[in-house]
Amino acid sequence: MASVHESLYFNPMMTNGVVHANVFGIKDWVTPYKIAVLVLLNEMGRTGEGAVSLMERRRLNQLLLPLLQGPDITLSKLYKLIEDSCPQLANSVQIRIKLMAEGELKDMEQFFDDLSDSFSGTEPEVHKTSVVGLFLRHMILAYSKLSFSQVFKLYTALQQYFQSGEKKTVEDADMELTGREDGERKMEKEDLDVSVREEEVSCSGPLSQKQAEFFLSQQASLLKNDETKALTPASLQKELNNLLKFNPDFAEAHYLSYLNNLRVQDVFSSTHSLLHYFDRLILTGAEGKSNGEEGYGRSLRYAALNLAALHCRFGHYQQAELALQEAIRIAQESNDHVCLQHCLSWLYVLGQKRADSYVLLEHSVKKAVHFGLPYLASLGIQSLVQQRAFAGKTANKLMDALKDSDLLHWKHSLSELIDISIAQKTAIWRLYGRSTMALQQAQMLLSMNSLESVHSGVQQNNTESFAVALCHLAELHAEQGCFAAAAEVLKHLKERFPPNSQHAQLWMLCDQKIQFDRAMNDGKYHLADSLVTGITALNSMEGVYRKAVVLQAQNQMSEAHKLLQKLLSHCEKLKNTEMVISVLLSVAELYWRSSCPTIAMPVLLHALALSKEYRLQYLASETVLNLAFAQLILGIPEQALTLLHMAIEPVLADGAILDKGRAMFLVAKCQVASAASCDPPKKAEALEAAIENLNEAKNYFAKVDCKERIRDVLYFQARLYHMLGKTQERNRCAMLFRQLHQELPSHGVPLINHL
């Protein structure tokens, strides 16, 4: 839940990201780009309603706001944007700018004199208080304040702006002409366009106050909701450095630099930017109150709180605790209950491994409700639900708690927490082994996203919740043998969360695990072994477990046993019950593959007790299957069949395809072993039933391309057909077995000792 609580700390870009008026000496100034925009506005006013269609005017109106608020762009790009909206108007704008740039200085003077006519008359073209009207008035005022030398410099800059735009237009036309003749040249043109766009961003010069506000709020929103549409880390940092070069005391730019450095996991630069942000915030807020909600006290305590969150994110828990203690001390001195509530939430994050951490969390939720902080209260409830899920509480109680949390979300329109809640439900259903419910919750989250995108400016909500839901979908499809569908989901994940994004590790681990399982199913243990390194880099515990599985498959039993014992003790210390049960099942399998089934029984009973205690239904069913197999080896197939009837229903309902095949294969083995002492008619009937179950098991194994297990099934079927005297069917199974046996390596493990 640490990643969930990262949104708790003070974020000025989202809450009060308004730049103080005294940060910039001038609110706005005239540039050649803004003169071009003024020409566009003037031409729109002069053009009659009949000359421009309704759709073209609508597109032009939608284009105006980004042009007024965004940074300066090149003239060629401006022409292209206008041409996409209204080709006729683009031609008029181009002619007006050309006449002004190739004429004399008095042409520009006359243009600005004529702008004030837009406000004259009983029905003016532009209202003074509208967005366009305010922009026109700012430009007229800024131009009138210029000295003669500044006006001359502006006119020279306008000429250079026009010449560079014309040159770029000619180059684009030449490139397009040659690109039609040669396909490779077309690719070069696209590469050139990308480099020019980056140059436009970096060479736009100093931004005005409004442009800086718009740029920072836009990039901060994209970093939070859709990182793929934000500038790349290098480009964004270059822009921020350019912004800070003209105004080093711009606090919000330092904060965006801090968020940008977090994307690339740069702990030094992110700490440096965070401290600079709060230093500048204190300087710019020095005129306010010195205590209470404004001034030094608030900045200092939130600085310490953000520093604690930063250290916690990078795993520096001791430094995080020291910073948190400092934040608590300053907040207590200022009697700031809101800050203290944030500190209490982070205290839980730092101490959630302790046994009494739930007491701290319950206290945090009660206090958050008391002080009217629904965001913190909801996060606390969800953390409590997660903790109780790991403690083995029943699913109905957890879902009731999440329902109460959802009421808070809908009441206060906390859409981000609605997403987190649904992702949490998906994870809980998977933990309890209910794959159908998990699939339903994951699809519900994605459906909500598609509905929201119609009304939102950001088309995709690329948060951690969606990454988690999509990873669950990919794994669930892979478990059912739908590898093509899983590959499509992973492809979408890679496009939606590029490798340099902060949530990319989720799909990277998911992809590696799916590839590992496929390699193991296919008997390609060398390929599976090569994937272990990547899994270990992303999740060390999972990597060690997978390494032990590979060693066990390669019959390196002693090395596998050492690894599993080390991992078992480590997981028991961390109280990772799910992994403890998985390790115990692997240890039990190792024992019976070493012909020691009696030693495996207490291990399996311990795993069954844990899975029952923590209500991990699917792991409990898998443990019962292993117990039934152990009983089969020990020569009591009747009891094994009784156990199988208890466990097979959850496996067939919610289990993975591979586990369904293993269960049906085991049922067939138990049926054959039980029929050994029966009369010939009953024995023949039991063998026929076993063959039907083997066919079903073979179909399951074929879906996941598990050739090694198909080989075992074919061997067993050939033996049964031989016992029944069905020579033709026996020969067919024997031929298929021989083909697979020649293709796959044999490790010398008896068939009866392999579940």
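The charged end of Lys669 sits over the ring of Phe665, 4.4 Å from its centre; that label needs NZ of Lys or CZ of Arg within 6 Å of the ring centre and within 35 degrees of the ring normal. Arg518 does likewise with Phe483, its charged end 4.0 Å from the ring centre. Keep in mind that this is a predicted model: local features need pLDDT of at least 70, side-chain atom pairs count only at pLDDT 80 or more, and totals for chains, interfaces and linings use all residues. Residues are numbered from 1 along each chain as its sequence is written, and side-chain values use heavy atoms, with hydrogens and water left out.

**Ring pairs**
- There are eight aromatic pairs, counting rings of Phe, Tyr and Trp (its six-membered ring) with centres within 6.5 Å; planes under 30 degrees apart are stacked, over 60 edge-to-face, the rest tilted.
- Phe665 and Phe716 have ring centres 6.0 Å apart and planes at 80°, so they go down as edge-to-face.
- That pair ties together distant parts of the chain, 51 residues apart: Phe665 is in helix H32 (residues 657-674) and Phe716 in helix H34 (residues 707-724).
- Both Phe665 and Phe716 are buried, meaning under 20% relative accessible area with a 1.4 Å probe, protein chains only.
- Tyr255, Tyr258, Tyr277 and Phe278 are joined into a cluster by ring pairs.

**The whole chain**
- You get 35 helices and zero strands, taken as DSSP runs numbered from the N terminus (helices H or I, at least four residues; strands E, at least two).
- Of the 755 residues in the protein chain, 49% are buried.

Note on methods. Buried means under 20% relative accessible area, exposed over 50%, partly exposed in between (1.4 Å probe, protein chains only).
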